[in-house]
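Let's take a walk through this model, from its salt bridges to its pockets and then out to its surface. Have the structure open and follow along.

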Amino acid sequence: MKKFWVFVFILWPIIAVASCVIAPSQHWWFPGAAQSPIGKRIDDLFYMILIIVAIVFVATEVALGYVLWRGARETESPGRALFTHGSHSLEVIWTIVPAGVLLFIALYQLDTWADYRVKETYPMESRLAPIAEVTARQFEWRLRYPAPSRKFQSLAAVDNWLKKPQPDDLYAVNELHVPTGRTIVIHLRSGDVQHAFFVPNIRVKQDAVPGLVIPILFEVLQPGPYEWVCAELCGWGHYKMKARVIAQPKDDYEAYLKQLEREQFDDGVSNRVAAKSPTEK
């Protein structure tokens, strides 16, 4: 019976490791390859932590299996047990080693998170050309684009635009269009409770906090629609707060904005008047 439990405790770690090995081929892994440079760097951090954890896990389970197997082979009366109050040396080792590993991880990821989260590191060109203001609210995403002709000359001008909507701004709901192949910035805010902007394939995730306007930097490598959801439980309709990020080549993106501008400022009369023949009365 002792050996039965030894096999049980040895078998489940083997199954766990085997599951991790076959996970990518069974699509139990990431939702797909990262479609942004920052996403690839985040994936690298994930794999680095996974490798460290896997080494510790395997080593621990091997040691556990050895102890269990050795105990199962002992006779029914192995003699008096050895009592110990512990080892200060071992306690120091298993305190310093994990602390060192955590310190290594913290230092290793600083550059990636600084580029992703610290707005002072964002390229000035991107900060002066915000793509859109994204406002989360129960239970939709509202988008405000600057007019295609608007050019910001300073960060103060961008801040003023964020504080006060302009007559020529463009609006949309639940569909954010962005250009591919360039670093872009959007500004995230909440109109009510806390939400979270999450685009899994781009590896972008940021809470929308009431009272704050939070810049988000990313670049989309390939054109296409990308699922965009709220990743913060925000109320009864949280489950349906879904949208799309539409990544397009520069020309298609600019054409979309011009089309949106025409649709928004169409008064229903001017186009018909322009289309009339000069002889019509």
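Start with Glu-140 and Arg-142, whose side chains meet in a salt bridge at 2.7 Å, N to O. By salt bridge we mean a side-chain nitrogen of Lys or Arg within 4 Å of a carboxyl oxygen of Asp or Glu. Arg-142 counts as partly exposed because its relative accessibility is 40%; the label covers whatever falls between buried (under 20% relative accessible area) and exposed (over 50%), with a 1.4 Å probe and protein chains only. Glu-140 also forms a salt bridge with Arg-137, and there the closest N and O atoms are 3.7 Å apart. Arg-137 is partly exposed too, at a relative accessible area of 30%.

A word on what you're looking at: this is a predicted model, so local features need pLDDT of at least 70 and side-chain atom pairs count only at pLDDT 80 or more, while totals for chains, interfaces and linings use all residues. Residues are numbered from 1 along each chain as its sequence is written, and side-chain values use heavy atoms, with hydrogens and water left out.

Now find Glu-175, which pairs with Arg-244 in a salt bridge whose closest N and O atoms are 2.7 Å apart. Glu-175 sits in strand E4 (residues 175-179) and Arg-244 in strand E10 (residues 242-248), so this pair ties together parts that are 69 residues apart in sequence. Helices (H or I, at least four residues) and strands (E, at least two) are DSSP runs here, numbered from the N terminus. Glu-175 is partly exposed with a relative accessible area of 25%, and Arg-244 is partly exposed at 39% relative accessibility. The structure holds 9 salt bridges.

On to the pockets. A 1 Å grid over the protein atoms alone is used, and a pocket is an open set of points with protein on both sides within 12 Å along at least five of seven lines, where a lining residue has an atom within 4 Å of a point. Grid points are joined across faces, edges and corners, and the volume is the space filled by probe spheres set on the points.

The largest pocket has a volume of about 510 Å³. It is lined by 21 residues, with Ala-129, Ile-131, Lys-151, Arg-182 and Tyr-253 the closest to its centre. Helix H5 (124-127) and helix H7 (250-264) are the elements that give two or more residues to this lining, and H7 gives the most, with 5 residues.

The second largest pocket holds about 240 Å³ of space. Of its 13 lining residues, Ile-42, Phe-198, Arg-203, Val-204 and Lys-205 are the closest to the centre. Here the elements giving two or more residues are helix H2 (37-72), helix H4 (110-117) and strand E7 (204-208).

To finish, head for helix H3 (residues 88-108), the place of Ile-93. Ile-93 is partly exposed, with a relative accessible area of 48%. How far is its C-alpha atom from that of Pro-148, 55 residues apart along the chain? The two C-alpha atoms are separated by 61 Å.

Terms used. On a 1 Å grid over the protein atoms alone, a cavity is a set of points where a 1.4 Å probe fits but cannot get out, and a pocket is an open set with protein on both sides within 12 Å along at least five of seven lines; lining residues have an atom within 4 Å of a point.
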